[in-house]
Structure formats: C-alpha cells, structure tokens
Amino acid sequence: MDRRKALMQMGMSLGYVVAVPTFVSILQGCADKKEEAWKPTFFTAEQGSTLVHVVDSILPKTDTPSASEVNVHVFLDGFAGNVMDAKQQGDFKNTLDAMAQSALAKSNKKEVAELTQEDVEPVVRQFLEAKGKENAFAKKIRELTIWGYKCNEYVGEKVLAYLPVPGEYIACESVEKLTKGKAWSI
C-alpha cells in the first residue's frame, strides 16, 4: 500500500468521525421539540395525577407560577422515592389514594384521570383542616410542597428577593423597602 494513499484514507476517516456527529446534531436540532408528559418514577400514574392537583391546590397560580409549573410534583416524586423511609412512603401513597377516592366520591366521577383541580381542591382543604392522625400526612405534603417551591431555582431568582453577590451593606433601611416586600431567597 502506498504511504500517501494510507495517509489520505486516515485523514478522510478522521473527517468522517468528526463530521457525522456534527451533521446529525444539526439535523436533530432542527426537529420539533415535543414536550414530554411527566411520568412518575415512584408513584403510580394515578397517584402522580393526584399529586399534581394536590400541589396546585396548596400553591395555585396567582401572580406567581403554580407549584406544578415549577415542577414541585417532580421534586416530590423523586424525594419520596429516594429520601423517605418505607413508612413515610406508604403514608404518602395512602394519603394521595385517600384524597383521590374522596374527590371521586364527591365529584361522582369514575376515574382519577377525570378529576380536575376544582374536584381535588376542597378535598385537600378538608384533609388539611382535619384533626387526628388519619390525615396527618396531608400536613407533611403541604410542608414538602412549600419547601420544594421555595427551593426551586426559578422561584428563588424571580419570585423571591435574590441578590447573587451581596452588594453594599445598608443598615438604616427597612426590609420592606430593600426587598419590595419579598422574602429573601436562600
């Protein structure tokens, strides 16, 4: 084999190795981006649907985004599956199932997928106001929802008062004036 021909073939091979992935990424970049629906990893699909309605009942959309818009339900799904112990996981699932069954009974619907925010919201309120141990984990879900919301990057930077690099120290001004009435982001 001729050395010149071998060098030329090696150069062409290297060119193909570099060019093909670049060309493929350009073609994939032009494809329509389809938003994938969230699929729970720890909860069942029905429990995940209920969880979305529950977190939106706790923190609905106002002038700030709702809990599901900043993916608090995704955070709770991962947190429950990876951090909670088995008893808490069972309590979480049982509470979501009880909320779904109560909402189905009150709305006269057959499937959890048919439930709307308006169906679940009064049930969440009822669970949170109930006294006793049977609905105690509903309060824990509320605490986790608020925690997940406040720890979210979007909420921390856009909703709460955020200063990435602390600037000057202003000692004689009110907090209301400095933060425009917002709580500080951690």
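Helices are DSSP runs of type H or I with at least four residues, and they are numbered from the N terminus. The structure is a predicted model, in which local features need pLDDT of at least 70, side-chain atom pairs count only at pLDDT 80 or more, and totals for chains, interfaces and linings use all residues. Residues are numbered from 1 along each chain as its sequence is written, and side-chain values use heavy atoms, with hydrogens and water left out.

In helix α3 (residues 72-82), the residues V72, H73, L76, D77, F79 and A80 are buried, a term that denotes under 20% relative accessible area, whereas exposed denotes over 50% and partly exposed the range in between (1.4 Å probe, protein chains only). These buried residues pack against α2 (45-58), α4 (86-107) and α6 (136-150), contact being defined as heavy atoms within 4.5 Å.

Two packed helices are described by the angle between their axes and the distance between the axes. For α3 and α6, the angle is about 115 degrees and the axes are 9 Å apart; axes are lines fitted to C-alpha atoms, for helices over the stretch in contact, and angles run from 0 to 180 degrees between N-to-C directions. V72, F75, L76 and F79 of α3 make the contact with L144, T145, W147, G148 and Y149 of α6.

T179 belongs to helix α8 and is buried, because its relative accessibility is 5%. Apart from neighbours within four places in sequence, T179 contacts A161 and W184. W184 is located in the segment after α8 (175-179) and is partly exposed, because its relative accessible area is 47%.

How values were computed
Helix = DSSP H or I, 4+ residues; strand = E, 2+ residues; numbered from the N terminus.
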